[in-house]
Amino acid sequence: VGYSRTVISSMTVDHLAEGSYTIAADSILTPSALVGYSVDPAVVTGSPVVVRATGSSSASASYAFARLQGAMWVANIAGGHVTGLAPSQLDVSAVVGAADSIAGVPGTEGVAIDAHGNMWVAQWNTTTLRMYTPAQRASNVSAPAARTISSTALSQPARINFDSHGTLWVTDYNNGLIGFSDAQLAASGSVPQPFVVLTDTTRGFAGPTDVAFDASGNAWVVEAWTENLVMYTPAMLATSGSPTPAIRIGSAGPAPRRVHGGTSSMAISAQFIPVRANLETPMVAAFDAHGNLWVGNYGGAKITAYAPAQLSTSADPAPSVTLTGAIAYPVGMAFDRAGNLWVSDDDDYSVSRLDASLLAASATVMASVKLESSDFNGPQQIVFDQWVAAPTPPLVQTSRTQQERAVASAPWSALRRQR
């Protein structure tokens, strides 16, 4: 009793008092190349170890590679569900089936995952946000949401994202940028007055469709109607109102014309005819690890990027990178852990991967991986689930390869003496 020692890898422990000792080994958590983690549970043999005055005793811990946890989730505006794909389905072009699914959510355009692994869903033309727990996401069945938030501030919610403080920001096409605090999301109910509501009235109707946060916590809002990107500082995100955005990227010319028709989330009620060259009906945006802001242009059938230096002041700069050829109508974007860009296409209902190597310079490109599925019904926002439940005992995080893990013996084992 009272003896405890940490043993790392292969180790001989001398001069122990006679008695019985328990060996316990932590599991190993290893990030995958693209999304999620592998969890290697430990199997201990030879415990408890009985130590006597003469001779020696031994115990060991072995590890077996476990399945990857985590997934890529895709909202579907026409199919009434959110599609989950396993990491193993993201490696090669294929026709794939859903590994997991959240059903019963028609008109889903926005999807985000909070710090606890809960999935939040926004449905176009509703006043409701729905939350599903990690257990529900893994059940692959239709089930009522674990939590439902309603608010009259919502009218046509599009894409959603969490900031670093746990506030869920909703780009509502009619009503602006709407923030729900973590306290307002803690239980089901009505939230008549969200934490913050910001509207850009500088050029009249804005039509926000997505929001992305840079490393400084600034919110960059995609305005499909003005064909601009606007930035709000963290201080501006603290109070409701109609402040002039701190930075505006895009032309200050006349707003684009609009005609009826089209099949996309935004074009259900209207199809935009762009009149500018740099930003042509921008719909979605995402930051890469280097601070470049990538934009999906629905009207221009192109993916464009703005370098950090181009985002420091209001202007209408030519994008630092323009990619064409792979995506016709981009409506969802997300980066995986390897820096590859995934884009959902409203043209052929596919999801494509543009490898990081393709993002360095302007070009006409082909998708590195293209996924098609009968489960893609108007694919929209993409989110990567990097959250994983911690098993018992606690996890040891590592970046070692599977082969290196296979030869490791008992990392972080605990040696404890029993009564």
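Let's start in the middle of things: the largest nonpolar core has 19 residues, and Trp294, Ile303, Leu323, Met333, Leu341, Leu354 and Leu359 touch the most other members. The elements that give it two or more residues are β28 (282-287), β30 (302-306), β31 (321-324), β32 (330-335) and β33 (341-345). A nonpolar core here is a set of buried Ala, Val, Leu, Ile, Met, Phe, Trp, Tyr and Cys residues joined through side-chain atoms within 4.5 Å. Buried means under 20% relative accessible area, exposed means over 50%, and partly exposed is in between (1.4 Å probe, protein chains only).

A word on what you are looking at. This is a predicted model, where local features need pLDDT of at least 70 and side-chain atom pairs count only at pLDDT 80 or more, while totals for chains, interfaces and linings use all residues. Residues are numbered from 1 along each chain as its sequence is written, and side-chain values use heavy atoms, with hydrogens and water left out.

Back to Trp294, which forms an edge-to-face aromatic pair with Phe335, 6.5 Å centre to centre and with 65 degrees between the planes. Rings of Phe, Tyr and Trp (its six-membered ring) pair if their centres lie within 6.5 Å; planes under 30 degrees apart count as stacked, over 60 as edge-to-face and the rest as tilted. Trp294 sits in strand β29 (residues 293-297) and Phe335 in strand β32, so this pair links parts of the chain 41 residues apart. Both Trp294 and Phe335 are buried.

The whole structure has 6 aromatic pairs. In another of them, the rings of Tyr173 and Phe205 have centres 5.2 Å apart and planes at 85 degrees, so this pair is edge-to-face too. Tyr173 is in the loop between β18 (168-172) and β19 (176-180), and Phe205 in the loop between β21 (196-198) and β22, so the pair ties together parts that are 32 residues apart in sequence. Tyr173 is buried at 4% relative accessibility, whereas Phe205 is partly exposed at 34%.

Now for the open space. The largest pocket holds about 1200 Å³, and of its 48 lining residues, Ile113, Asn161, Phe162, Asp163 and Phe213 are the closest to its centre. Strands that give two or more residues to this lining include β13 (108-113), β17 (157-162) and β22 (208-213). By class, the lining has 29 nonpolar, 11 polar and 8 charged residues. On a 1 Å grid over the protein atoms alone, a pocket is an open set of points where a 1.4 Å probe fits, with protein on both sides within 12 Å along at least five of seven lines; lining residues have an atom within 4 Å of a point.

Most residues other than glycine have a negative phi, and most peptide bonds are trans. Thr281, however, has a positive phi near 45 degrees; this residue lies in the loop between β27 (271-273) and β28 and is buried at 1% relative accessibility. Tyr349 also has a positive phi, about 55 degrees, in the loop between β33 and β34 (350-354). The peptide bond from Ser47 to Pro48 is cis, with omega near 5 degrees.

Terms used. Helices (H or I, at least four residues) and strands (E, at least two) are DSSP runs, numbered from the N terminus. Grid points are joined across faces, edges and corners, and a volume is the space filled by probe spheres set on the points. Ala, Val, Leu, Ile, Met, Phe, Trp, Tyr, Cys and Pro count as nonpolar, Asp, Glu, Lys and Arg as charged, and the others, Gly among them, as polar.
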